[in-house]
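Visitor: I have a structure open and would like to go through how its parts pack. Can we start with a pair of helices?

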Amino acid sequence: MRIVIGAPANGVVLKDAIRTYVEASERVSTVVDVSDAELSYPALSIRAAQMIVDGEADRAILVCGTGLGTAIAANKVRGIRAVTAHDLVTARGAVENYDAQVLCMGQNVIAPAYALLLVDAWLDARHDPAGSYGPKIDEIRDYEAR
């Protein structure tokens with residue numbers, strides 16, 4: 001799996017811990033860090049999301065203070081489903097139910113050790129388009145296509 005990761009200044013500590021972790025994972029083939037001290041959270045979130053749409057990455061992990069700003073910005077890219085997750089149910093369900101390609105977390109609200117557990121759940125999760133949520137994702141895609 002190809003992962004893009006990024007954080008503005010107020011997410012770098014957690015992002016660095018996650019980056020080290022995913023780089024060591026056998027599930028991840030490539031990690032591209034789009035963090036840049038000159039970039040705002042909207043700019044780096046949009047850049048990461050666009051890399052997924054363009055086929056340069058499979059998923060992204062974004063970290064800011066709360067995870068909310070990065071999720072809002074990434075969701076502005078057509079075709080992207082970005083979520084903020086701070087527990088195992090939402091991290092796993094983000095992919096299994098909603099086929100979310102972008103996981104957003106908040107450095108100010110989640111401990112690094114727990115964040116790594118969420119990353120594990122999110123990396124392991126797979127979406128089944130034939131499942132009960134498949135038609136709902138299609139409905140979202142149809143709306144975006146208009």
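Guide: This is a predicted model. Take α4 and α5, which make a right-handed crossing.

Visitor: What angle do α4 and α5 pack at, and how far apart are their axes?

Guide: The angle is about 25 degrees, and the axes of α4 and α5 are 8 Å apart. Angles under 35 degrees count as roughly parallel, so α4 and α5 are roughly parallel to each other.

Visitor: Why quote both an angle and a distance?

Guide: Because two packed helices are described by the angle between their axes and the distance between those axes.

Visitor: Which residues meet between α4 and α5?

Guide: From α4 there are Leu88, Ala91, Arg92 and Val95. They meet Tyr114, Leu117, Leu118, Ala121 and Trp122 in α5.

Visitor: How many residues of that contact of α4 with α5 are nonpolar, polar or charged?

Guide: Eight are nonpolar, none is polar and one is charged.

Visitor: Now α1. How does α1 cross α5, left-handed or right-handed?

Guide: The crossing of α1 and α5 is right-handed. Helix α1 covers residues 12-23 and helix α5 covers residues 112-124. Their axes come within 10 Å and cross at roughly 45 degrees, which makes α1 oblique to α5.

Visitor: Which residues make the contact between α1 and α5?

Guide: On the α1 side, Leu14, Ala17, Ile18, Tyr21 and Val22. On the α5 side, Pro112, Ala115, Leu116, Val119, Asp120 and Leu123. In this contact of α1 with α5, 10 residues are nonpolar, none is polar and one is charged.

Visitor: Let's turn to the core. Which residues in the largest nonpolar core touch the most other members?

Guide: Ile18, Val22, Ile61, Met105, Val119 and Leu123 do, in a core of 25 residues. The elements giving two or more residues to this core are β1 (2-6), α1, β3 (59-64), α4 (88-96), β5 (102-106) and α5.

Visitor: Which element gives the largest share of this core?

Guide: That is α5, with seven residues.

Visitor: What is Val22 in contact with, leaving aside its neighbours within four places in sequence?

Guide: Val22 is in contact with Val28, Val31, Ile61, Val119 and Leu123.

Visitor: One last residue. What is phi of Asp99?

Guide: Phi of Asp99 is near 50 degrees, a positive value in a residue other than glycine. Asp99 lies in the loop between α4 and β5.

Visitor: And how does Asp99 count: buried, partly exposed or exposed?

Guide: Asp99 counts as partly exposed, because its relative accessibility is 21%. Buried means under 20%.

Key: Residues are numbered from 1 along each chain as its sequence is written. This is a predicted model: local features need pLDDT of at least 70, side-chain atom pairs count only at pLDDT 80 or more; totals for chains, interfaces and linings use all residues. Side-chain values use heavy atoms; hydrogens and water are left out. Axes are lines fitted to C-alpha atoms, for helices over the stretch in contact, and angles run from 0 to 180 degrees between N-to-C directions. Helices (H or I, at least four residues) and strands (E, at least two) are DSSP runs, numbered from the N terminus. Angles under 35 degrees count as roughly parallel, over 145 as roughly antiparallel, 65 to 115 as roughly perpendicular and the rest as oblique. A crossing is left-handed if the near helix is turned anticlockwise from the far one by less than a right angle, and right-handed if clockwise. Contact means heavy atoms within 4.5 Å. Ala, Val, Leu, Ile, Met, Phe, Trp, Tyr, Cys and Pro count as nonpolar, Asp, Glu, Lys and Arg as charged, and the others, Gly among them, as polar. A nonpolar core is a set of buried Ala, Val, Leu, Ile, Met, Phe, Trp, Tyr and Cys residues joined through side-chain atoms within 4.5 Å. Buried means under 20% relative accessible area, exposed over 50%, partly exposed in between (1.4 Å probe, protein chains only).
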